[in-house]
2 protein chains.
Amino acid sequence: MKPSDGRSRVVIEDVKPEIDCGRHAAKRILGDRVRVTAAMYSDGHDHVAGRLMYKRAEERTWRYAPFRELGNDMWEAEFTADALGAWVYTVQAWVDHFGTWVHDLHKRIDAQEVPGIVDAVDASQPGGPEQNEGVNAVDQNTVAAQQLPGKQPGSNYGTNARPQGDVALALRSGAILLDQASARARDAEARTLKGTASTLRYMAEKNSPYYDFPLSDDCIRLCLEYPDLSFAATYDRELPLWVDRERARFSAWYEFFPRSAGQPGVHGTLRDVANRLPEVAAMGFDIVYLPPIHPIGTAYRKGKNNSVKAEPGDVGSPWAIGGSDGGHKAILRELGTFTDFAALLETASANGLEIALDIAFQCAPEHPWVKEHPDWFRIRPDGSIQYAENPPKKYQDIYPINFESSDWRALWQELYSVFAFWIDRGVKVFRVDNPHTKALPFWEWCIAEVRKEHPEVIFLAEAFTRPHVMYGLAKMGYTQSYTYFSWRTEKRELTEYMTEITTAPVNEFFRGNLWPNTPDILPEFLQTGGRPGFAQRAILAATLGASWGVYGPAFELCEHEPAKPGSEEYLNSEKYELRSWNRDDPQSLAPLLTQLNQIRKTHPALQRDNTLRFHNISNDHLIAYSKRLGDDVVLMVVNLDPHNLQTGWTDLDLVSLDLPIAGAYEAVDLLSGEVYQWHGSNNYVALDPEKAPAHILVLHPKHLSEMTAGESTED
Amino acid sequence: MKPSDGRSRVVIEDVKPEIDCGRHAAKRILGDRVRVTAAMYSDGHDHVAGRLMYKRAEERTWRYAPFRELGNDMWEAEFTADALGAWVYTVQAWVDHFGTWVHDLHKRIDAQEVPGIVDAVDASQPGGPEQNEGVNAVDQNTVAAQQLPGKQPGSNYGTNARPQGDVALALRSGAILLDQASARARDAEARTLKGTASTLRYMAEKNSPYYDFPLSDDCIRLCLEYPDLSFAATYDRELPLWVDRERARFSAWYEFFPRSAGQPGVHGTLRDVANRLPEVAAMGFDIVYLPPIHPIGTAYRKGKNNSVKAEPGDVGSPWAIGGSDGGHKAILRELGTFTDFAALLETASANGLEIALDIAFQCAPEHPWVKEHPDWFRIRPDGSIQYAENPPKKYQDIYPINFESSDWRALWQELYSVFAFWIDRGVKVFRVDNPHTKALPFWEWCIAEVRKEHPEVIFLAEAFTRPHVMYGLAKMGYTQSYTYFSWRTEKRELTEYMTEITTAPVNEFFRGNLWPNTPDILPEFLQTGGRPGFAQRAILAATLGASWGVYGPAFELCEHEPAKPGSEEYLNSEKYELRSWNRDDPQSLAPLLTQLNQIRKTHPALQRDNTLRFHNISNDHLIAYSKRLGDDVVLMVVNLDPHNLQTGWTDLDLVSLDLPIAGAYEAVDLLSGEVYQWHGSNNYVALDPEKAPAHILVLHPKHLSEMTAGESTED
């Protein structure tokens, strides 16, 4: 079957960003310049032109940005994402007959015999002009005018038209193109184009022996603004884009347990949490993330250190959600009231902090949903509800939700309403527990539903699972995700993994959040690395990732005893009991965390992930990487060995750092304040983990005038 | 908006092959095993299963092939392409509850206390069984049975069901799954499944202290054959596949000019061409490609050596198609009649050859289309028809077709009818001249239209243009394409280019045909490399590519004089005059071409492109590469320097060659017959261009028993 218009000759391919053929949205940040590239080509030698069509999803009319040619049939266009939420874009391209004509006219004019020069040639070279291709061509032009059937002698463009020069005929072709553009333009612009067409015809009439190029750049630009779109091709698909607020890209998270926020031995309250906030804010964090604050089940409640039987007074796991006081929309009685919660959010706001709630869609046996909607759970052949298990392990305090429930529509609606409930109460950031154990289509719907009204909401996926599933959750809409960083400790694996998640295609939709520890993860490295190990991991997380987080105060107090050898669980974990933390410990890493967050806020290069680049360094215990945005150039060198001094020579990619190949420059260590005089790519580094596990260096070329201020246009 | 069924939990992504989101077909050969890979995953720990759905495009019902897990959520399935033409495939996947159940049951059974061993533990370890997780679990199981609203006491699965062990309850769950599978099965299989369900229930009733795993592998396999597809997910798109005959992948082309096929100074005829065929067949070629055989225009006819003015008797360029005798459906009077043409095809067939015609959609001024359809061409403002030009160059003997003609439907139909005309007369292979100067959408339609009735037709694109356009033509349906091989002479560029076109994604849709020369291309290398240069290029083309071709006899006679310095045109080109070739020249490379085609026919590894792999060799003038298919292993080492002896040490990837890492093996040179005793990856090579510009080595490990016969499953 023939296409609807076979004259649409341009092929558009390879549009980027494009996630799974447009099934999922690429992600950008409010204010970003969104760069779209595409392959556009046609047959033959005709010029091609194109425009990016883009709009907010709810807008009716497209906006346009012109494509610029990059060479080899690749093109780029940009627009500014000036509103949060859903956008779409696609590509339109057409054969640019006017552009082809301009290009050819230049060549025709260049090939003319300049009268004076012709004489000169004639005089000096025997046979000169006769042998000249151009002159021959003009002669033969006459004959090229074939008699056309249906054309009457004497008609304007008939076979009796008088012989014309090549350029004159081209001018007449151009006049037609300008007339056509004029018909698409309005008012003064239309008149300008029309007038230029007349000028070209007048020049053609003169049939001069020599022509100058007749059009100004302005006139050409004007004509290109009114392209002939009759045969324009439009890309098959409209591609979705999601625009988040800046915190989606650049954030520092601090997690702590409300239960331990009070006086030693006393169950903490939301008021205690509020009192802690100034201290967290002083450390420079943006988001305070609280484990679930809901009523905790009593059936099968876990005791201290996850013991199967709770003792009287044991507080249970906050992730065993639901009791007689309610479920996901209630607050644990010991923590306080909704009034306290409102006050907490106010204090947070006053301290420049946001509160992130933990949404864990699972139920303790006493959760109201269990009674009201037993069909939202799996029923075993004996009529009992299936608890969580990984045979032979059983988690009888937790009922997972059955996403194959025949009542799935009501279930989805209720789960969604949990987000809506807390959003109504001012929460704009959610850390979602084990999202990979809930149906992915649910997340796609739920996150979109939330964002219809609240595009500012941020979802962090606590997905420590297989790569496809982690990336899948990001595609379904998650703003950020936990990463494997927690276990990546060696140079090769850090380099490979961070490169994977900070470059295309992954970084188009996935934003990693780097956590050295969580309440569930005390990595072996932190168990054995001592205080230098904690410092090193904080530095890596805060500078490799634009988003990072710690579970404190366990982190800054270097809590490192596992529940048992080989386990990543904490001994005496706050998940099962109140803890009291000595936050005044002089060994606390709080000053380092403060310094790191301060450095991050001062250096825009550290506020995004696509600025990351690794450099060679001559020691596998040292890792070197930079982040550069425009003239903000920060170079990190970190000692990955928490026990020994390591030394080495950098082998910096100076071009990527915008540094002179052989020049001298200053390297100012933002951690120590020390200033080094460096030169070229090879510089000596010695890092003693006890004193300074890393350099965070701002690089200043000696001659500022040599610097060029390129600017990255996207996330 | 919620999806139609949110219980469809499996995500299917990253299906390969998939060209431009299924916009274009991947290509395979009749009889190929077509391997499809996909990412398939769901939430949680449930098992996933899937099947490839595939069929010929015109079939109504799908056929199925099961997916096998590759790890990391990647899966593969295969089917045999047992018919030419259009196929489609897609992927279906679902949560495999039965598979999950089997997996968990194994773990539950493994975790049981074996009665005898329990006693032993009991006797030897204080507190043994009581502390055992499994035993505790069984105890607590009772309590886990929550009272469900709506369930009546006394009902089968109610709260009064008597306490059961973990395994017993699991057996009852399994019985339900088997009953459900039984409902989907038929006859004996249904009865088997039903019977097994009863057995499981009987076992559960016994509530034994210890269970063995109850199902045979056969029973599991049977149950998996009747999966529950209620919530199966199907991939968004049906992906097209095109299946060609073998000649599409493996072919040796020989081009020559019919005009020079006769006696010296006499215009050759189709009868002369037929007489030449046994000689071409003896050289081992498959396809004889003839430049256009149609009437040649007289207006602006080009003279010898492309001179602007033809002398009387000059025969003109065969690509200036059309005269008073007709156009693309006529035969040049000097060549003969349609009867002669039929005889030619018969002779070709008798010699195991196919005739490829050259389809050049452009017209000499006298072509009938010009008179009958002036609107199929561009009209200049003076009413004349636009001839081909690249300002300031003019090709007044050629009128290009205007694909923006408002009469494009009739134009397309007429162009298509040219193919149909020659197909009706027995031609099944077309070499299309400059397809990149004709609208790509036309090709997509035209090739599909031809193949509706004639899937066996092969189209070779003479597209020496930019990469996107060359690949675009392949996507539009071209079977094969000319390549940049003609100009790739150095090791690095040969390695990069051949790797690009023989690996995914390019090799999914693009099949290169390697030509050392054409009538338009006498590369500088051949101008200066002498006979060893021609030999080297022939060896490279015939062994790097499964398809190759030469323009002869110019090639085997080492014709190397350019029209002028810096030009790639031949001096005294057959494009403009008759030539007489001394095919008995003892210096002719015909014996080498014969040998190369013979080697290609004997070695299946050389008959496909995806078998190619480059190896390191310690001299930039030497290139080493292998092709391996199963136990057919051929290693080429070619001296790229036509002037000097070059020596070096190979650094072979023995694993890819299926050779023992440290063993000895024989390397038999198929060109010279010499036998080398090689060992490991490093072997010394010396190649004298005058004597032997290359080794083509068959590698035989000393111990054949060590060889494993893997087999490639696709093109």
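How much of residues 251-600 of chain A is helix and how much is strand, and how far apart are the end C-alpha atoms? Over that stretch the chain is 33% helix and 13% strand, and the end C-alpha atoms are 10 Å apart. Helices (H or I, at least four residues) and strands (E, at least two) are DSSP runs, numbered from the N terminus. UniProt, in an unreviewed entry, places the feature "domain: Glycosyl hydrolase family 13 catalytic" at these residues. The UniProt positions are in the numbering used here, feature names are shortened, and annotations may be inferred rather than shown by experiment.

Some ground rules. This is a predicted model, in which local features need pLDDT of at least 70 and side-chain atom pairs count only at pLDDT 80 or more, while totals for chains, interfaces and linings use all residues. Residues are numbered from 1 along each chain as its sequence is written, chains are lettered from A and ligands numbered from 1 in the order in which they are written, and side-chain values use heavy atoms, with hydrogens and water left out.

Now confidence. Chain A has a mean pLDDT (the predictor's confidence in each residue, from 0 to 100) of 91, and 91% of its residues reach 70 or more. Residues 117-164 of chain A fall below 50; beyond near neighbours in sequence, that stretch has 65 contacts in the model, a contact being heavy atoms within 4.5 Å. Over residues 704-715 of chain A the pLDDT also stays under 50, and the model has 32 contacts for them beyond four places in sequence. For the complex, the predictor gives an ipTM of 0.90 and a pTM of 0.90.

Next, the two chains. Chain B superposes on chain A by a rotation of 180 degrees with 0.1 Å of shift along the axis, at an RMSD of 0.0 Å. The two copies are thus related as by a two-fold rotation axis. In chain B, the C-alpha nearest the axis belongs to B:Cys21, 3.0 Å from it. Both copies use the same surface, as 100% of the contact residues of chain B recur in chain A.

What does the interface consist of? The contact takes 98 residues from chain B and 98 residues from chain A. Between them the chains bury about 8,200 Å², 56% of it on carbon and sulfur atoms; buried area is the accessible area (1.4 Å probe) that two parts lose on being put together, summed over both. Chain B and chain A share 12 salt bridges, each a side-chain nitrogen of Lys or Arg within 4 Å of a carboxyl oxygen of Asp or Glu. A:Asp73 forms a salt bridge with B:Arg466, with the closest N and O atoms 2.8 Å apart.

Over all chains the structure holds 103 salt bridges. Within chain A, A:Arg35 pairs with A:Glu76, the closest N and O atoms being 2.5 Å apart. That pair links distant parts of the chain, 41 residues apart: A:Arg35 in strand β3 (residues 33-41) and A:Glu76 in strand β7 (residues 74-80).

Last, the backbone. Most residues other than glycine have a negative phi, and most peptide bonds are trans. A:Cys21 has a positive phi of about 60 degrees although it is not a glycine, and lies in the loop between β1 (11-16) and β2 (26-29). The peptide bond from A:Ala504 to A:Pro505 is cis, with omega near 0 degrees.

Terms used:
Copies are superposed by least squares on the C-alpha atoms of residues with pLDDT of at least 70 in both.
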